[in-house]
Amino acid sequence: MLQNLHKTDTDTAEVKITSVDTYTPFKSGLEYSCSARGTWTIAHTSMLIPHCHQIFVCPEGCLRGVVLSAAEYGGLDRFSMVTVKEEDFVSGKMEHLFIDGITDILTHLSPAPPAALIYSCCIHQFMGVDLAFIFRTLRERFPKIDIIDCYMNPTMRKSKYSPDELMRRQLYSALEMMPKNQKSVNVIGNDFAFDTDNELAVMLKDAGYTLRDIVRCREYSEYKKMAESIANIYIWPAAYAGAVMLEEKLQQKALSLPVSYDYEEIDRELEKAAGYFNAPLPDLFALREAADRALERAHLVIGDMPVEIDYTATARPLGLAVLLFQHGFHVTAVYTDSVMPGEEKAVDWLKVHYPDLPVRATINFRNRIMQRDSADKNGGRLLAIGQKAAYYSGTEYFVNMIQMSGLHGYHGIITLAGWMEEASRVKKDTRKIISVKGSGCSG
Amino acid sequence: MRQVQRVLANYSADLFGICSALYELGGLIVMHDASGCNSTYNTHDEPRWYDMDSMIYVSGLTEQDAILGNDNRLINDVLEAAEETHPKFIVICGSPMPYLIGTDFPGIARVIEKKCGIPTFGFKTNGMHTYVRGAQDAFAGIAERFCQKRCDRIHDGISCNLLGVTPLDFSVVGNVEALKSFIRQNGFILNSTWAMGDSLEKISVASAADVNVVVSSTGLPAAKVLREKFGTPYVIGLPAGPSASEELLRDIHKAVPEKTHSVSGDPNALYSPESADQHNDVSKPRMLPVRVRERPVIIIGEAVLASATRTCLQRDLHIQNVRIVCPTEEDCGLLCKEDVLTDEEDEITKLVNEKAGIVIADPLYRRVIADAGVVKFIDFPHEAYSGRMYHSLMPVFIGDGIREWLMKKLTDGDTV
C-alpha cells in the first residue's frame, strides 16, 4: 500500500456523479500512469495483421516502450526500428534516413512479409517531413509488400484522431476493392475476438452470413478477404475512423452497434442489424429474461459486495453501473477520466437515483497517492470489473475484462454476469495479472 | 546501415535515467511529453513503481501547446502539483518534441523556482541519449545543488558514498544490498548511497565521506562535482568477483590518504589485460578447461560492470582475451584500445560473429548471433536493456559468487 507522504488532497481526482455536467469532469494537468497494463497499445494491435512486420522510425525514448512490448509478447521477429538521432533534426535528410532504413530492413527479411506497418512519429509531422514522398517511394520499391503508413503521434492525441483511432483505421488500409460477397460482413476495431455466441453473431450466421474478424485471421489472405464484405460492424468507439475510411474506399456500410447495457438500446441495435442484413430478429423478450436471470443468479452470489468498474473494461462503465444498480448490485465507484458519448442517459439516471456515486479519475496526478484501500475497508471483499478498478481498490477479486473482451449484447451481459460470479468467489493474483502488458497478445 | 535495428532493442532513454536516479529522493519529476513516456518508464524501467511512492508524471503536451509554444500550461500544472505535494525539489525534463520546438528547460525551471521557492532543475534531455546521460545529469545536479556545505568528518575509519546506484544497472535482485554489505563488511562506513535506500537529506551530507565509489557510469559526473567542491577523491569500480573486489578495496585505501582518484592517471591500470598479466598468479589452479579459456570473450554492457566482469574473467578465471562492447555512451575511462564504444547493430553483429567465441550480454543480444554452434552466449540480463523481462535470470554480481556463476555458465553444455 502506498503511503501518502505528501498530504495531497485526492478529492479533486474524484467527483460525485451529480456534479458531472461535462464529458471531461476532471481538470487536465500532470498525468500519472498506474500499474494496470493489460490494455493494448498500437504495438500490440498492429500485430493482428497476420505475418506483418512493423517498423518504427523514432527517437530512442519513443522506441523503448514499443520494442519492449514486442519483446514481452514474443514479437521481436516481426519488429524492427530506425533510430532518429539529434543530427537528423538538422541534416535535412530525414526522408533519406526513413527510406534507406526501411529499405535496409525489408531487403534483409526472408521471407518478405506480406505487409509492413511503418510508423512515423510526432516529430516527423512537426518537421514537415514529406511522408507522402516517403511512402510513395517505398511502395514503388516494394510492390509485393503492402506498405502501410502508421502513426505513433501522441502529441496529436487531442487533435482530429488519436493514435489509437488512427491505428484502428490504418489496420484495415491494406484492404483493396474486390467484388462484394453479399453474405460477408466484418466486425472491425476490436483487439479481442468478437464473441460468436452472441445473438448478433448468431443472427447473422443463421441468415447465412460469414462474420469476418481480424482477430480470427490466421493468414494474410484471410485478412485481405475482409475487403469482400458488404458492411463493417464496429462496437468500440475508436473504430469509427476505420469504418468511415472503409465506407469511402470499399463502399462497405459502416454500422455502429456500440456495446450497451440498456435493454432498449440493445433491442434497437438488433433491430437495426436485422433490418440491414434482412435477418430474422431473435426473440428479444427471451433474451432479456435470460440476461435478467443471469444477473439475478450473480447477485445471489455477490450480494452486497461492493462493485467498482473502470473504463478499460468497457466503453460504457456508467451504463454498466446502471444495469448493475437496477439488478440490486452495490456499485460503489466508477473510474473514468472522461464521459464517453453514449453515456448521457446513464449519467442522467445515476444523478437521479445514485447522486453520490463517486466517479474517479485514473490519470490525475493525485491518483499517485490515492489510498488503494477500498477493498481493505470492506474486509478485502470488493469486486472490481477492470484492471484499473482492481488496482485502485486493492482487491483480489476482479473480472479481468479488457475492452469488453469480445462481449456484446444480451449474451455479453449473461457472460459478464457469470464472470462476476466466478470472480467474486475466486481470488486472483492482481499484481501479477495486471502487470502483463497487452493482455492476450502474442507475437 | 547505421541507426537501423533489425533485430535488437535499445537502452532506456535519458529522461528515464533521470527518473530512476531521483526516484527515492522526494522530488516532483515531470517529463515534458505528450503521453507514453510515463507508462514506458514505469512499466519497463522502474521495478519500484508498484510499491514505492514517487511523484513522476508526464506533462501531457498537446499539439496546440507545441505549436503555440505555450509553456505556461506546463508551469502552471507543475506549480499546482507542487503546491499540493510539497516536493523537496522539482525536475522537468524533455522528450523529443520539446527538443524539436526548442523548449528552454533551464529557463522554465527558473520561473518555477522563482514562483514557488522550491529548488527546480531543468534538464536538457531529449529522449535521444541513453539512461546513462540522464542519470549522470541528475546525480551531478543533486551534488551541485544539495551538497552545499562541507560536513565534518566525525567518524573513525574510512567513510564512503556509493555513486551511481539505480535499478537500471543493479535491478532489485539483491545487488544493492550486497554492495552495501560489501562496503560495511570491509570495515568502511557507508555514508550514503546515490540513490537507493537513502533520503535526500542523507545524500546532502555526502561531503562527510572520505571517498566516493563510482559503481556505475551514472555516478561519474557527480564524483567529479564532489571532488571539485570538497576535494573528495573517487574510485571507479565494482566488487564483482575476488580480484575486482580486492582491487577496489586497495584503491579505496589508497585514494583516501593520497586524495587521488584511481583512474585519473592510468585509467587502464585497473582492468587492462596487461594489468591482468601482472596480477596473474600462475600458482593458482586453472579451474576452466583450456578450450574454454582460449576462446575470445566479448562482454556487451555498461562500462563499470563490464570492466569488473572482465577482471573476474581475466584474473579469477584466467581467460585472457576479453573485449568490451559498451553501447551506453560513457566509457568511464575503463575501455582498452581493443574495446569498442558503439550501439550500432551492424557493428555489434560483425564483432560478435567474427571476433567472439563467447558473448556475455543481455539475453536480447542473443538475436545477433549468427550461429549458436560457433558462438556461446551467456545471458547476463541488464534492466536498462531488457527491462523487467529477465529478473529471474539476473545474477547477484556483487561479491565472489559471480566467479562461480560465470564458471558454471562458461562450462554449461560446453562441447567445443
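A polar contact is taken here as a pair of N or O atoms within 3.5 Å; within protein, one atom must be able to donate a hydrogen and the other to accept it, and residues adjacent in sequence count only if both atoms are side-chain atoms. In the predicted model, 41 residue pairs are in polar contact between chain A and chain B, both residues being at pLDDT 80 or more. The side of chain A that touches chain B divides into 30 nonpolar, 17 polar and 22 charged residues, where Ala, Val, Leu, Ile, Met, Phe, Trp, Tyr, Cys and Pro count as nonpolar, Asp, Glu, Lys and Arg as charged, and the others, Gly among them, as polar.

In contact (heavy atoms within 4.5 Å) are 69 residues of chain A and 69 residues of chain B. The buried area, that is, the accessible area (1.4 Å probe) lost on putting two parts together, summed over both, is about 5,900 Å² between the chains, with carbon and sulfur atoms giving 54%.

Salt bridges (a side-chain nitrogen of Lys or Arg within 4 Å of a carboxyl oxygen of Asp or Glu) between chain A and chain B number 10. Asp51(B) and Arg431(A) form a salt bridge through their side chains, with an N to O distance of 2.9 Å.

Strand 3 of chain A pairs in the antiparallel sense with strand 1 (residues 4-5) of chain B over two bridges; pairing requires at least two bridges found by DSSP, and strands are DSSP runs (E, at least two residues) numbered from the N terminus. Val82(A) has Val4(B) as its bridge partner in strand 1 of chain B.

Residues are numbered from 1 along each chain as its sequence is written, and chains are lettered from A and ligands numbered from 1 in the order in which they are written. As the model is predicted, local features need pLDDT of at least 70, side-chain atom pairs count only at pLDDT 80 or more, and totals for chains, interfaces and linings use all residues, while side-chain values use heavy atoms, with hydrogens and water left out.

How values were computed. Helices (H or I, at least four residues) and strands (E, at least two) are DSSP runs, numbered from the N terminus.
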